[in-house]
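Let's walk through a structure together, one feature at a time. Have the sequence and the 3D view open.

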Amino acid sequence: MTVKLVLENLKHRPVRSALSVFLIAIPVTLILTLVGLSEGLLADSARRARGVGADIWVRPPGSSVLTLSGAPLPEKMVEVLARNPHVAAAAGMINHPISSTTFVAGIDMDSFNRMSGGFKYLEGGPFRKPDDVILDQPYARQNKVHAGDKINLLNHEWTVAGVVEPGKLSHIFLPMPVVQSLSGNTGKISQIFLKLDDPANTGAVIRELKETMPDYQIYSVAEFTSLLTVNNVQGGMLRNFINVMVSIGVVIGFAVVLLSMYMAVLQRTREIGILKSLGASRWFILRTILIEAIVMGFCGTILGILFSFGARWLIMTLYPASLSEAIVPAWWPIAGGVTLAGVTLGAMYPGLSAARQDPIEALAYE
Amino acid sequence: MSDRPIIEIRGLRKVYRVGKVEVPALRGVDLDVPPGEFLAIVGPSGSGKSTLFHIVGGLTPPSSGTVRVQDQDVAAMTDAGRTNLRKTCVSFVFQKFNLLPNLSARDNIAIARHIAGLNHDPDPKFEEVLALLGIANRLDHKPAALSGGEQQRVAIARAIVTHPAILLADEPTGNLDSENSRVVLGVLRDLNERLGQTILMITHNPEAAAFAHRTVHMRDGRIVD
């Protein structure tokens with residue numbers, strides 16, 4: 001009967017109820033979208049890392065899984081590392097960032113193809129001229145270009161030689177010498193990929209390399225991708241940012257429900273008096289208000305989850321290459337818990353006010 | 001009727017504070033009501049009738065004096081005790097009906113049983129009461145769809161569904177036309193006669209008071225005859 005009373009109360013003022021649920025859904029959507037973006041971008045990076053086809057990544061001293069700037073490695077290191085008897089193929093690349101989430105990969109097409117199994121061209125083909133660029137499909141779609149079109153990158157106009165399937169290292173590929181020249185790093189590269197004769201030898205080769213190159217960052221691909229986590233980004237900054245957003249979600253849920261339920265209690269003063277005249281206890285009144293808030297919080301969570309699918313569709317439609325958003329169901333109960341905590345806290349004050357109302361004054365309320 | 005009063009009031013006083021001013025509402029009321037009596041309390045506005053009802057019904061505590069309802073000392077009760085009194089012992093019928101507008105007539109009645117903790121107990125006799133009240137075919141309507149007379153009969157049904165020892169009716173015909181007033185007063189008298197329901201009714205109307213067994217008059221916070 002209490003639930004029926006709550007549902008009838010919610011139905012009695014549908015605009016207030018719908019608006020409250022909508023406003024509660026907003027922070028849920030924000031939390032899920034932020035987490036989805038974080039996880040999506042990291043998952044996309046891991047997918048593209050695996051797409052290189054290497055067993056071992058060699059990075060310069062001072063770099064990390066998530067930070068790679070400049071090109072301090074001599075290109076000749078590729079040949080040196082390729083001499084290891086277990087190395088079946090070696091390839092270097094030069095990295096040139098163009099935004100916080102996008103970088104241009106300068107590659108040697110032949111060695112990169114041997115490493116990765118080669119690009120799958122959806123349009124066009126490989127580099128033919130020095131100002132040719134290869135784009136993956138999401139980046140080409142985001143920038144509305146096709147093979148043969150021009151695109152401006154790094155203050156230079158390039159011809160799109162080919163559009164390839166995504167999932168290999170980067171969204172944008174240029175010939176290695178071109179990037180070296182553009183960035184003033186002739187003969188230098190950013191990192192080296194090694195493909196082994198047998199992946200079972202990965203541990204042994206890494207140990208051997210670390211003995212001869214102790215300051216270098218040397219990862220197996222499994223280790224490299226496992227380190228791509230929210231906690232590792234910028235020394236945990238992304239995790240802290242997510243925590244701040246979650247806290248904001250609690251505050252918004254709290255504020256929305258506080259105002260909504262406070263208004264509801266004012267509007268229902270007389271009804272609270274009626275319930276008290278029937279013998280309803282303070283706990284009955286408080287519980288009714290709390291259940292109403294929790295029902296709104298639950299509906300807001302469901303709506304927020306649905307909105308997060310909409311947000312994902314919108315982001316992936318507008319920015320298929322720059323942003324990658326994942327749906328993270330593991331966060332649904334967390335977002336729901338955060339929301340319900342916020343709405344419960346928010347309903348507490350109006351609920352206690354209602355519970356403490358004098359029945360005679362409440363019954364006289366017009 | 002038993003000899004032992006179901007309501008015993010002695011030296012009852014109630015003083016309200018309005019800012020720094022003390023306003024006496026009851027100035028020493030003595031009253032006994034035997035079980036099964038239909039008592040009318042008549043008096044002008046400000047005579048203290050509603051305050052007397054609110055104290056007997058456990059809506060507010062007295063300032064001094066003793067009030068015993070079914071052998072329970074209302075003056076000594078805490079807020080929780082008075083809540084329990086309203087839940088188990090006393091029910092109200094108000095001038096403005098005071099039905100919950102969101103709920104159907106049926107649910108308005110059901111919630112009283114729910115609050116009293118009786119929702120799991122079927123009550124076959126209650127169908128008979130609904131027939132007596134003439135609202136059996138109006139139970140699925142919300143209050144806004146009911147006439148004043150129907151709303152008041154739903155309010156009476158809600159009041160008696162928990163089998164209270166005492167029914168307090170505060171101007172139950174004050175918002176009704178004369179035809180509906182007669183119907184409601186007839187229902188109250190039927191409840192009293194058929195079920196032995198103790199009823200205290202506040203009214204301005206001598207014709208309404210005539211439905212009761214006994215009438216007491218109040219003026220300036222006292223019972224005058």
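What follows is a short chat about nonpolar cores and a pair of helices.

Q: What should I know before I start?

A: This is a predicted model, where local features need pLDDT of at least 70, side-chain atom pairs count only at pLDDT 80 or more, and totals for chains, interfaces and linings use all residues. Residues are numbered from 1 along each chain as its sequence is written, while chains are lettered from A and ligands numbered from 1 in the order in which they are written.

Q: Which residues touch the most other members of the largest nonpolar core?

A: A nonpolar core is a set of buried Ala, Val, Leu, Ile, Met, Phe, Trp, Tyr and Cys residues joined through C-beta atoms within 7 Å; buried means 20 or more other C-beta atoms within 10 Å of a residue's own, with C-beta atoms placed from the backbone. Here that core has 112 residues, and B:Ile41 and B:Ala157 touch the most other members. Its largest share, 12 residues, comes from helix H2 (residues 14-51) of chain A; helices are DSSP runs (H or I, at least four residues), numbered from the N terminus.

Q: How many residues does H2(A) have?

A: It has 38, and spans 51 Å from first C-alpha to last, close to the expected 56 Å (1.5 Å times one less than its number of residues). Just after H2(A), A:Gly53 takes a positive phi of about 90°.

Q: Which residues of H2(A) meet H12(A)?

A: Contact means C-beta atoms, placed from the backbone, within 7 Å. A:Ile24, A:Val28, A:Ile31, A:Leu32 and A:Val35 meet residues of H12(A) including A:Trp331 and A:Val343.

Technical notes. Buried ≥ 20, exposed ≤ 12 C-beta atoms within 10 Å, placed from the backbone. Helix = DSSP H or I, 4+ residues; strand = E, 2+ residues; numbered from the N terminus. Contact = placed C-beta atoms within 7 Å.
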